[in-house]
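Dear colleague,

Please find the structure below. My notes on the nonpolar core, a surface patch and the aromatic pairs follow it.

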Amino acid sequence: MTSLVGTGVLLRFNLRRDRLMIPVWVAVNTLMVLSMPNTLKGMYGTGAERADLLHQVATNSSLRALIGPVFGDSLGALTAWRVGVYAGALAAVTGLLVVVRHTRDEEETGRQELIASGAVGRRASLTAALLAAGVASGVLALLVTAGLAGQGAVGALAFGLGLAAVGMLFATTAAIVAQLTESARLARGLTAGVLGVAFVLRASGDSASTDGSSVLTWLSPLGWLSQLRPFARERWWVLALFAAAVAVQGALAYVLAGRRDVGMSFVPTRPGPPVGRLGTAGALAWRLQRGAVLGWSLGFFLAGVVYGGLTDGVADLVGDNEKAREIFERMGGHSGITDAFLASMTGMLGLVAALYVVASVLRLHGEETSMRAEPVLANAVGRLRWASGHLVIAFGGSALIMLFAGLGFAVGYGKEVGPVLGACLVQVAAVWVVGGLAVLLYGLAPRVAPLAWGVAGVVLLIGWVGPALDVPRAVLDLSPFGHLPKLPGGEMEWGPVLVLLALAAVLVTGGLAGLRRRDLTS
């Protein structure tokens with residue numbers, strides 16, 4: 001078919017461009033999954049402990065809303081229960097990022113027009129983008145299947161295919177959204193919003209039933225993943241739901257792609273007001289990033305409410321399980337299981353906030369490479385003033401979303417509002433170090449600026465998996481989060497926090513100095 005001419009070449013080009021991003025996201029997801037069996041074996045090594053866990057899940061609706069129902073007491077079934085929702089969400093994020101990057105991003109920057117002027121079919125770029133997402137999902141499925149084969153080859157295959165199916169479903173969702181919007185930023189945001197709705201539907205459905213039979217659960221692809229029931233009498237027919245959804249969404253994306261011009265969309269951007277309101281570079285930065293700030297703030301507030309609501313029941317869930325208690329204490333300190341749980345959950349949200357600050361800082365890179373920065377800088381706006389507008393949103397926004405997380409904990413937990421709020425805000429120092437490194441990479445070497453995603457991924461992996469695997473302290477100290485005081489419950493140590501803030505300031509200063517001296521990307 002002439003509409004697919006050049007797909008192979010574009011696929012190789014896409015994979016070359018994503019030679020860092022795809023391996024990092026796949027590796028983080030794979031290691032998160034494969035770290036669980038040994039961890040769960042140490043926590044629930046006996047049949048009695050597993051039976052007690054299943055009873056706790058069946059009677060705790062908040063826990064089911066957070067993680068989902070459990071359908072078996074084998075290590076494989078417990079692994080699929082413990083990480084299934086979050087591994088599926090990471091697979092979905094990988095798929096949507098890859099597709100938007102190679103479709104709407106290319107059109108927004110003008111590169112797609114150059115590619116289309118050659119011997120390239122009309123739908124070749126969309127096909128290559130979906131195939132790149134398929135490669136990422138396929139590699140994830142292979143690694144997960146091979147890694148969990150010791151728990152049962154059939155269950156491992158089901159779980160691996162389920163994760164790949166979630167990734168491809170949201171990849172095709174992103175392909176549709178990319179046809180509807182003119183902005184890559186909006187395409188990513190809307191697809192992420194669909195993922196958020198899927199999580200809320202699954203959580204609502206799972207909290208209402210112990211076996212996932214709620215209609216709300218079946219309205220969510222993340223719910224389908226749990227209903228596949230890996231390692232627990234697999235329901236292979238659920239994969240047909242994924243296949244049908246992927247096929248329908250993919251077909252719709254192809255139809256839409258064939259009915260619009262390059263660079264256009266079915267939902268055009270609304271014109272601005274007749275009288276300009278963006279009088280400063282900072283106002284422009286806020287206009288460009290306000291949607292992300294508000295969306296992350298709402299998400300963190302809701303996450304705080306959910307985690308806060310689980311706090312009172314965590315002592316009953318852990319019970320006399322010393323291994324589970326040790327893991328919480330390694331993550332959150334030794335001041336008691338409740339405080340340790342709160343500290344570990346605020347720490348987890350801090351790790352996720354690092355992803356926000358990297359995305360917000362790299363908006364500078366996107367503005368520069370798309371040549372939207374040049375018209376701004378052609379006016380009476382210096383580089384530092386232009387960059388500072390975005391950095392205020394990035395660093396100030398990260399503090400704001402952690403503040404909302406603390407407020408969410410206060411609503412959900414209803415006790416110790418001040419200590420919990422302080423525990424959330426203290427995470428900002430480590431988040432700013434990750435953001436400062438992103439600024440440094442962008443300012444000195446913009447071509448390698450996307451490596452900041454790899455840094456954030458490594459930090460997330462160390463903080464998420466390290467305590468469960470009881471890795472050496474030297475490894476945990478590689479992350480700035482490893483140097484923060486364990487709050488609430490522990491003593492506030494200002495020394496490490498001030499050092500991290502100073503390091504962040506140095507990194508930002510170095511990045512701005514590099515930006516001031518180098519040429520803009522052409």
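In these notes, buried means under 20% relative accessible area, exposed means over 50%, and partly exposed is in between (1.4 Å probe, protein chains only). The model is predicted, so local features need pLDDT of at least 70 and side-chain atom pairs count only at pLDDT 80 or more, while totals for chains, interfaces and linings use all residues. Residues are numbered from 1 along each chain as its sequence is written, and side-chain values use heavy atoms, with hydrogens and water left out.

Core. A nonpolar core is a set of buried Ala, Val, Leu, Ile, Met, Phe, Trp, Tyr and Cys residues joined through side-chain atoms within 4.5 Å. The largest one here has 141 residues, and Phe-159, Trp-386 and Phe-481 have the most contacts inside it. Helix H6 (residues 75-102) supplies the largest share of this core, 17 residues. Helices are DSSP runs (H or I, at least four residues), numbered from the N terminus. Beyond its neighbours within four places in sequence, Phe-481 is in contact (heavy atoms within 4.5 Å) with Gly-350, Leu-351, Ala-354, Gln-427, Ala-430, Val-431, Val-434 and Val-459.

Surface. Leu-400, Leu-403, Phe-404, Leu-407 and Leu-425 make up a nonpolar patch with about 340 Å² of accessible area together. Areas come from the Shrake-Rupley method with a 1.4 Å probe, and for residues only the protein chains shown count as cover. Helix H20 (residues 383-413) gives the largest share of the patch, four residues. Leu-407 lies in helix H20 and is partly exposed, at 35% relative accessible area.

Aromatic pairs. Rings of Phe, Tyr and Trp (its six-membered ring) pair if their centres lie within 6.5 Å; planes under 30 degrees apart count as stacked, over 60 as edge-to-face and the rest as tilted. The whole structure has seven such pairs. Trp-25 and Trp-453 form a tilted pair, 6.4 Å centre to centre with 45 degrees between the planes. Trp-25 is in helix H2 (residues 21-34) and Trp-453 in helix H23 (residues 451-469), so this pair ties together parts 428 residues apart in sequence. Phe-395 and Trp-432 pair edge-to-face, at 5.9 Å and 70 degrees. Phe-395 is buried, at 11% relative accessibility, whereas Trp-432 is partly exposed at 25%.

Regards

Notes
Helix = DSSP H or I, 4+ residues; strand = E, 2+ residues; numbered from the N terminus. Patch = residues over 30% accessible without salt bridge, like charges linked within 9 Å, V, L, I, M, F, W, Y side chains within 5 Å. Salt bridge = Lys/Arg side-chain N within 4 Å of Asp/Glu carboxyl O.
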